Amino acid sequence: MTDLGRATRVLDALAESRGPLTVTDLTTRTALPRSTVHRVLQGLERELYVVRVPDRPGWVLGPGLLKFGMNAHLRLLSANRAALAGLAREVAENVELAVFSGREVVVVDQIASPSGCAG
């Protein structure tokens with residue numbers, strides 16, 4: 001397995017967790033050796049992809065990952081904005097762009113009805 005594969009296993013485990021995970025937790029969830037998990041965490045922490053939780057043991061995803069999410073979000077919006085605006089004009093209703101997040105639907109963009117009176 002590559003370094004990237006090990007890092008994504010750790011990041012995926014943290015992303016799927018509802019709270020902080022310790023090195024032991026991550027070792028169990030990723031099936032990677034403890035020393036490997038520790039080394040991966042050190043590298044990810046340097047880039048702020050993970051951070052230690054203050055006042056308790058464990059790691060969570062860090063702010064360094066935001067740039068990936070923001071970039072994907074902006075690309076999604078720019079790729080669909082014109083189509084949403086055209087649809088809103090055509091149907092004279094509000095139009096929303098939504099994505100699935102697990103079992104939930106998250107609205108990521110909305111174009112108001114051109115007439116301003118759609119509900």
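Two strands are taken to pair if DSSP finds at least two bridges between them. In the predicted model examined here, strand β3 (residues 95-101) and strand β4 (residues 104-111) are joined by 7 bridges and run antiparallel. V95 has I111 in β4 as its bridge partner. The hairpin formed by β3 and β4 has 2 residues between the strands, and G102 adopts a positive phi near 70° there.

The secondary structure of the chain as a whole consists of 4 helices and 4 strands. These elements follow the pattern α-α-α-β-β-α-β-β along the sequence. The chain is more spread out than a compact globule, because its radius of gyration of 20 Å is well over the 14 Å that the globule rule gives for 119 residues. The C-alpha trace spans about 60 × 30 × 20 Å along its principal axes.

Burial and contacts were also computed for the chain. Of the 119 residues, 31% are buried. When contacts between residues at least 6 apart in sequence are considered, 34% of them join residues at least 24 apart.

The accessible surface of the chain amounts to about 8200 Å², and carbon and sulfur atoms account for 54% of this area. The charged side chains comprise 14 positive and 12 negative ones. The centres of these two sets are separated by 8 Å.

Terms used: Residues numbered from 1 in each chain as written. Predicted model: local features only at pLDDT ≥ 70, side-chain atom pairs only at ≥ 80, totals over all residues. Heavy atoms only, no water. Rg over C-alpha atoms; globule rule 2.2 N^0.38 Å. Buried < 20%, exposed > 50% of the residue type's maximum accessible area, 1.4 Å probe, protein only. Contact = heavy atoms within 4.5 Å. Areas by Shrake-Rupley, 256 points an atom, 1.4 Å probe, with all protein chains shown as cover. Lys, Arg positive; Asp, Glu negative; His and termini not counted. Charge placed at Lys NZ, Arg CZ, Asp CG, Glu CD.
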